[in-house]
Amino acid sequence: MEATLFSFPSSKPPSPSLTQTQSKTLLTRPTNPFLSLTPRPTRHHHRLPTIRSAISRTKKEQTVETIKENLENCHLLAGIKYKGLTVKQFQDLRKVLPETTKLIVAKNTLVYKAIEGTPWEALKPCMTGMNAWLFVHSEEIPPAIKPYRDFQKEKKLDSNDFTGAVFEGKFYAPGDFKQLETMPTRAEIYAKLLGTLNSPASSLVGTIQAPARELVMLLKAYVQKLEEESGGGQ
């Protein structure tokens, strides 16, 4: 008797790869924004000028204007190497300087911006290192320089010397300062005038042949003497 094999279909339906419930779950699950493949638009931040930079620019402009103001009626402008000086030393120095002078600490670039295109531009060789600037608003040059020399000697500030100066459009290097420090004062010229007026003509000729600056100051002193005598006689 032959045996016949029959194959019957399974009563359990084949399971699909994803059930309907699983598919619905995947469709309704919220998307993780950190896994999004869509690139976000790039935001361009335009940097605006900060308040600090604006203040800094204003201070620089004010410094340049201050320098220009002090150049008015200025007879001599000198640079002083101030690196290493303390705040107290600066305060003490300002106290001993005559009222006809002004000491200003400013960057070389700002000072040069103020003097550019003027006779003071001859000070350009001083535009290195750290400088304090001495403005002399008087024709009395030696009395304006001497207080710093005395201060320098007292405090033993040999390295804090003058870096240069401009007087009557001429640049004076540190080694030339002896000429500035030994110029005759108004009182000395006045005394010389009185001696000349009471001396022979040969002395007057010698006075006229003196350097132009001394001659100008001599004439000014003479005019002042005449004015004083005229005022006293009224």
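In this predicted model, the side chain of Gln 152 makes a polar contact with that of Arg 149 at 3.0 Å, a polar contact being a pair of N or O atoms within 3.5 Å in which, within protein, one must be able to donate a hydrogen and the other to accept it, while residues adjacent in sequence count only if both atoms are side-chain atoms. Gln 152 belongs to helix α5, residues 141-154, and is buried at 7% relative accessibility (buried means under 20% relative accessible area, exposed over 50% and partly exposed in between, with a 1.4 Å probe and protein chains only). Neighbours within four places in sequence aside, Gln 152 is in contact (heavy atoms within 4.5 Å) with Leu 157, Asp 158, Asn 160 and Asp 161.

Arg 149 also meets Glu 181 in a salt bridge of 3.2 Å, N to O, the term denoting a side-chain nitrogen of Lys or Arg within 4 Å of a carboxyl oxygen of Asp or Glu. Because Glu 181 lies in helix α6 and Arg 149 in helix α5, this pair ties together parts that are 32 residues apart in sequence. Salt bridges with shared partners join Arg 149, Asp 161 and Glu 181 into one network.

Helix α3 (residues 87-96) has Gln 89, Phe 90, Asp 92 and Leu 93 buried; they lie on the same side of α3 because they cover an arc of only 165° around the axis, taken from the directions from the helix axis to the C-beta atoms. These buried residues pack against β2, β3 and α5, whereas Val 87, Lys 88 and Lys 95 are exposed on the other side. Lys 88, with a relative accessible area of 54%, forms a salt bridge with Asp 92, whose value is 19%.

The largest nonpolar core has 25 residues, and among those with the most contacts inside it are Leu 103, Leu 134 and Phe 162; such a core is a set of buried Ala, Val, Leu, Ile, Met, Phe, Trp, Tyr and Cys residues joined through side-chain atoms within 4.5 Å. Helix α5 gives the most to this core, with five residues. Apart from it lies another core, of 19 residues, among them Ile 67 and Leu 110.

Residues are numbered from 1 along each chain as its sequence is written, and side-chain values use heavy atoms, with hydrogens and water left out. Local features need pLDDT of at least 70 and side-chain atom pairs count only at pLDDT 80 or more, whereas totals for chains, interfaces and linings use all residues.

Definitions and conventions
Helix = DSSP H or I, 4+ residues; strand = E, 2+ residues; numbered from the N terminus.
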